[in-house]
Amino acid sequence: MTGIENPTISEFEETHRNGVISLWERCGMTRPWNDPDKDIDRKLTDRNGGFFVLLENETVIGSVMVSYDGHRGSIYYLSIDPNCQGKGLGKFLMKHCEEFLLELGCPKINLFVRQGNEAVMEFYQQLGFSPEAAVPLGKRLIPDT
């Protein structure tokens, strides 16, 4: 990792909330139908996963949510500050997630990439992920707005 001095991975704490939401906004990850505060609140009730932040000094420069349902691991909201991208930090966070999931006995990770996001597809393919013959389906149970 170049250009970042001593990045550290920490479990999410409430003091990180505004920095994480700001990061997600800068990365273009927020959507009108998903309230980021509610996404964080819901994640904090997850007993089978983790919510990690990447810090440079005390500044949030990355985040990721990881979960394990006993069958598959899931990765959500992997984000690196746009000014810090291309320095190996996303790979650093993903390695942490994979180690976390392996400790839980997780055999496989599933994740979603929005259609048309070729840069992110390339990132994950470089880490060994590949498209699968499955179509994700969704149904909102609780509206955020």
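Biologist: Why is Phe 129 called buried?

Modeller: A residue is buried under 20% relative accessible area, exposed over 50% and partly exposed in between, with a 1.4 Å probe and protein chains only. Phe 129 has a relative accessible area of 19%, so it is buried. Please note that this is a predicted model, in which local features need pLDDT of at least 70 and side-chain atom pairs count only at pLDDT 80 or more, while totals for chains, interfaces and linings use all residues. Residues are numbered from 1 along each chain as its sequence is written, and side-chain values use heavy atoms, with hydrogens and water left out.

Biologist: How many aromatic pairs are there, and what makes Phe 12 and Phe 51 a stacked pair?

Modeller: Rings of Phe, Tyr and Trp (for Trp, the six-membered ring) pair if their centres lie within 6.5 Å; planes under 30 degrees apart count as stacked, over 60 as edge-to-face and the rest as tilted. By this rule there are 7 aromatic pairs. The ring centres of Phe 12 and Phe 51 are 4.4 Å apart and their planes stand at 5°, so this pair is stacked.

Biologist: Where in the chain do Phe 12 and Phe 51 lie?

Modeller: They are 39 residues apart, and their pair links distant parts of the chain. Phe 12 is in the loop between strand S1 (8–11) and helix H1 (17–26), and Phe 51 is in strand S2 (residues 49–56). Helices (H or I, at least four residues) and strands (E, at least two) are DSSP runs, numbered from the N terminus. Phe 12 has 10% relative accessibility and therefore counts as buried; Phe 51, at 6%, also counts as buried.

Biologist: What makes the pair of Tyr 124 and Phe 129 edge-to-face?

Modeller: The angle between their planes is 75°, which is over 60, and the centres are 5.5 Å apart, which is within 6.5 Å; the pair is therefore edge-to-face. Tyr 124 counts as buried because its relative accessibility is 8%.

Biologist: Is Lys 43 buried or exposed, and which residues does Lys 43 touch?

Modeller: Lys 43, in helix H2 (residues 36–43), has 11% relative accessibility and so counts as buried. Leaving aside residues up to four places away in sequence, Lys 43 touches Gly 49, Gly 50, Phe 51, Met 65, Val 66 and Ser 67; contact means heavy atoms within 4.5 Å.
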